[in-house]
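Good morning, colleagues. Please direct your attention to the structure on the screen.

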Amino acid sequence: MTTTLPRTDLLPAVSAFLAAERRMLIGDEWVPAASGRTFDTLDPATGQVLTSVPQADEGDVDRAVRAARAAFEPGSAWRRTTPRQRARLLWRTAELIDAHAEELAQLETLDNGKPIASALGDVGVAAELFRYFAGWATKIEGTTIPMSTEDRSYLAYTVREPVGVVGAIVPWNFPLTMACFKVIPSLTAGNTVVLKPAEQTPLSALRLGELLLEAGLPTGVLNIVTGFGDAGAAIVAHPNVDKVAFTGSTETGKRIVAAAAGNLKKVSLELGGKAPNIIFADADLPAAIAGSAHAGFFNQGQCCVNGSRLYVQRDVFDEVVAGIAEVARGITLGSGFDPATDMGPLITAEQQAMVLGHVERSMADGATAVAGGARGRDEGFFMQPTLLTGVGEDAPMQRLEVFGPVVTATPFDTEEEVFRLANDTRYGLAAGVWTRDSGRAHRAGAALRAGTVWLNTWHADDVVLPRGGFKESGWGRELGSFGLDDFTELKTVIADIS
C-alpha cells in the first residue's frame, strides 16, 4: 500500500478535498472519531491511498443518533419545515449536484474505480432523484374512510407521518446513488438520518453531506458516520433508531433482521441477486448478444441485478456464446480516468481474490473459460470479463452471488425447462428474456419470480420505477411512489362528530 502521488488530472476542488482532513458529520459539526482512529480509503485502480477518514465506533454512532433524535423532536427546526420547504431544499440540492457533477464523479471514480463516464451517469441519477422526490414532498396524502356505524357519526381518516430516525447503510458498488436511495425518501417524508457509507467508498457521501448543508438542511437532520461493520451494527441495534434501510448482501441482511428485533424497528432490505438471463432461438440475436454482455459485465459485474446466469436455447447456444465471448475479449480494462477504458477494477484486492477463486474452482471442476478467466492487470484489482460454460446447476458459481464480471452460459431446450431453472434460486431480484414472440415474453414476465423482469432489454431503468426483490433478495421497495411508503407510518384518526 502506497500513498497517492500528486496528479494533474483532478479538479482543484477534488485535490483539495483529498488533501483536507476528512471528518464525520454529527449534528452541526464535522468531527473526528472520539477515539481518534482513522482508516484509509484506496484507489482500486492502483491500490494507493486516497485519504483517511474517521473510524466510528459505538460511541460515535450514539452521538449521531442522539443528534438525529433531537432534530426530530416536536418543535425542532426540521419538524417545523413544511412539505413545500422540504421540496425546495431537495431541488436546491439537485442544482448543487449538477453544479459539482464533475467533482462528484471524479471522487466516485477515485474511490470506486468505475469509468468516469459511468460515474457521471450516477451523479446525474442522483440529481434526478432529488428532483423526483421533491415533487412527492407535497403529495404525501391520507384518505377519508366511511365507517358503518348506526348509533353515532364519526369522521375517520388516515395520515402518513415520518417514521423518525432512519439508519441508512449503503454499499460500495454505487456509492452516491445508493446513499441517495436512502437519504432522499427519508428527507422527503420528514425523517432524520444516520448514514453509514461503505468503508471502501466513503468520499462521495461526505461530499453529499456538505452539499445538503449548503442547500440549507437544518442541524442534525443528516448525520454521516464512517466506519466498518461494527458501526453499522451499532446503528441497527440502537434503541432510538426507528428504521433501518440497507442495501448489501443477503447474509448481512439476515443479521440486520435479527438485530432489529430489540425494538422491532422497521427494516427495508435490498439484498443479493443471481439473475437469470434467457435467450430463445427466435430472439434478435445481435441485440440479445450485445444486451446480454451488458447485463453480465455492467459496472465491472458488481451489480446485484446483473444477468450472471445465462440460459440460451440449444439451437443458438454456440452462436450466442461466441458472440458474447467476442464482446468480452474486446472490453478494455484500465483507469477510470482513461477515455479508452470500458471496465475499471473490482473494489478491493479481497473482492478480486474471491471472484478469481470462484472462477478457478469452477474450471478445476470442469468448466471452460470461453473468454477471460484470469486477473486483468498487474497493478490494481482488475478481473478479466469472463464467460464460463460447463458449470453445473448445483455448482457454487451458479448458486452464489459472485459479484464480479463473470457470466455462466447453459443450454436449454424448452420454455418450461428454462423457467424452472431460472426460478431455482434463493434469490429473486431481477430476470430477463429475449424473444420475438410477445406471448412468450409476457408468459416469462408472469412466470419469473423476481422484482424486476426485463423483456428484450436489460438495465433499462428510471427513478420513477420501484425496485426490490422476491425471496432472499429483500423486503420492501425503493424509488417510485412506492419508495416513500417504507419511510412513513400510517396513522388512523377517528373523531366522534355526532
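Predicted model: local features only at pLDDT ≥ 70, side-chain atom pairs only at ≥ 80, totals over all residues.

Residues are numbered from 1 along each chain as its sequence is written, and side-chain values use heavy atoms, with hydrogens and water left out.

The open sheet consists of seven strands in the order 13-14-15-12-11-16-17, with mixed pairing. Strands (E, at least two residues) and helices (H or I, at least four) are DSSP runs, numbered from the N terminus; two strands pair if DSSP finds at least two bridges between them. Strand 13 (368-371) and strand 17 (452-455) each have a single partner strand, so one side of each has no neighbour in the sheet.

Within the sheet, strand 14 (residues 386-389) pairs with strand 15 (residues 406-412) in the parallel sense, over four bridges. Thr386 stands opposite Val406 of strand 15.

Let us turn to helix 12 (residues 349-364). Its 16 residues should span 22 Å at 1.5 Å a residue, and because its end C-alpha atoms are 22 Å apart, the two values agree. The expected span is 1.5 Å times one less than the number of residues.

Which residues of helix 12 are buried? They are Gln351, Gln352, Val355, Leu356, Gly357, His358, Val359 and Ser362, where buried means under 20% relative accessible area (1.4 Å probe, protein chains only). Their cover includes strand 14, helix 13 (396-399) and strand 15, and contact means heavy atoms within 4.5 Å. After helix 12 comes Gly366, with a positive phi near 115°.

Key
Buried < 20%, exposed > 50% of the residue type's maximum accessible area, 1.4 Å probe, protein only.
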